[in-house]
Amino acid sequence: MSFLEAIGPLDAQRPAPLYQQLQHAVREAIERHALKPDEALPPERDLASGLAVSRITVRKAFDGLVAEGLLTRRQGAGTFVAARVEKSFSKLTSFSEDMAARGRKATSSWLNRSEGAVTPEESLTLGLSPGTPVYRFSRIRYADGLPMALEYSTIPAACLPGLDAVGASLYRALADTGYRPNRALQRLRAVLFNDEQAELLGTTAGAAGLLIERRAFHAGQAVEVTQSYYRGDAYDFVAELNDGPA
């Protein structure tokens with residue numbers, strides 16, 4: 001089924017503006033699975049011609065759907081139906097493990113690797129003495145080539161043999177040295193991406209995102225502090241709740 005067949009025609013005689021009609025038609029097509037996750041949409045000029053509307057109308061409709069998280073734009077590739085990932089808050093897993101469990105290939109693009117002395121804030125969070133050496137890692141995380149998250153981690157230097165020890169997976173490197181976390185505290189909050197974050201993630205400035213702040217422990221010792229900025233149009237975070245004694 002083509003995109004135009006999935007959404008049907010627009011009607012200029014209806015009171016609703018054409019861009020709203022297009023938004024509604026695309027939204028319904030996604031809900032009934034006539035448009036599949038990760039499906040590429042035709043170029044805007046082709047849609048404008050096929051629907052007998054202006055490119056401005058198509059762009060305005062798609063802008064609203066991108067803001068809702070139903071569509072996503074990939075630089076140089078076009079517009080796609082958003083493919084969301086469910087991340088469980090009840091399991092302590094790495095990004096690489098999450099993607100592998102869903103049959104997706106996780107890759108990274110390094111922004112920075114550095115060694116330095118712990119900052120006062122890191123000292124409090126990690127329980128380290130002033131001047132203790134730490135490693136800092138920052139990178140873009142991808143799933144099947146799509147940028148999904150920005151990740152900024154600080155690790156006590158004693159937990160790793162060196163900066164180059166971290167390859168595809170930070171947790172694999174920590175496991176190799178016997179420091180893989182077995183407990184973590186996490187905090188989630190909504191954010192809006194700034195210009196730099198939006199450019200790195202291939203989205204628009206002001207787009208909705210999710211910030212996860214994680215402090216992870218091994219045998220009671222803090223071994224990781226990570227801030228991860230996830231694309232709001234790509235992730236759903238879920239947690240299992242039980243009715244039990246307080």
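Visitor: Is Arg59 buried or exposed, or in between?
Guide: Arg59 is partly exposed, at a relative accessible area of 39%. Keep in mind that this is a predicted model.

Visitor: What does Arg59 form a salt bridge with?
Guide: With Glu44. The closest N and O atoms are 2.8 Å apart. Arg59 sits in helix 4 and Glu44 in helix 3, 15 residues apart, so the pair links distant parts of the chain.

Visitor: And Glu44, buried or exposed?
Guide: Buried, because its relative accessible area is 11% and the cut-off for buried is under 20%.

Visitor: Why do such side chains pair up at all?
Guide: Opposite charges can pair when the charged atoms come close.

Visitor: How many salt bridges are there in the whole structure?
Guide: Seven, from a search of the whole structure. One of them joins Arg180 and Glu97, at 2.9 Å from N to O. Arg180 is in the loop between helix 7 and strand 7, and Glu97 is in helix 5, so this pair ties together parts 83 residues apart in sequence.

Visitor: What about the exposure of Arg180 and Glu97?
Guide: Arg180 is partly exposed at 26% relative accessible area. Glu97 is partly exposed too, at 29%.

Visitor: Switching to strands. Which side chain does Arg139 meet?
Guide: Glu151, in a salt bridge of 3.2 Å, N to O. Arg139 is in strand 5 and Glu151 in strand 6, so parts twelve residues apart in sequence are tied together. Both Arg139 and Glu151 are buried.

Visitor: Which residues do shared partners join into one network?
Guide: Glu44, Arg59, Asp63 and Arg73.

Key:
Residues numbered from 1 in each chain as written. Predicted model: local features only at pLDDT ≥ 70, side-chain atom pairs only at ≥ 80, totals over all residues. Heavy atoms only, no water. Salt bridge = Lys/Arg side-chain N within 4 Å of Asp/Glu carboxyl O. Helix = DSSP H or I, 4+ residues; strand = E, 2+ residues; numbered from the N terminus. Buried < 20%, exposed > 50% of the residue type's maximum accessible area, 1.4 Å probe, protein only.
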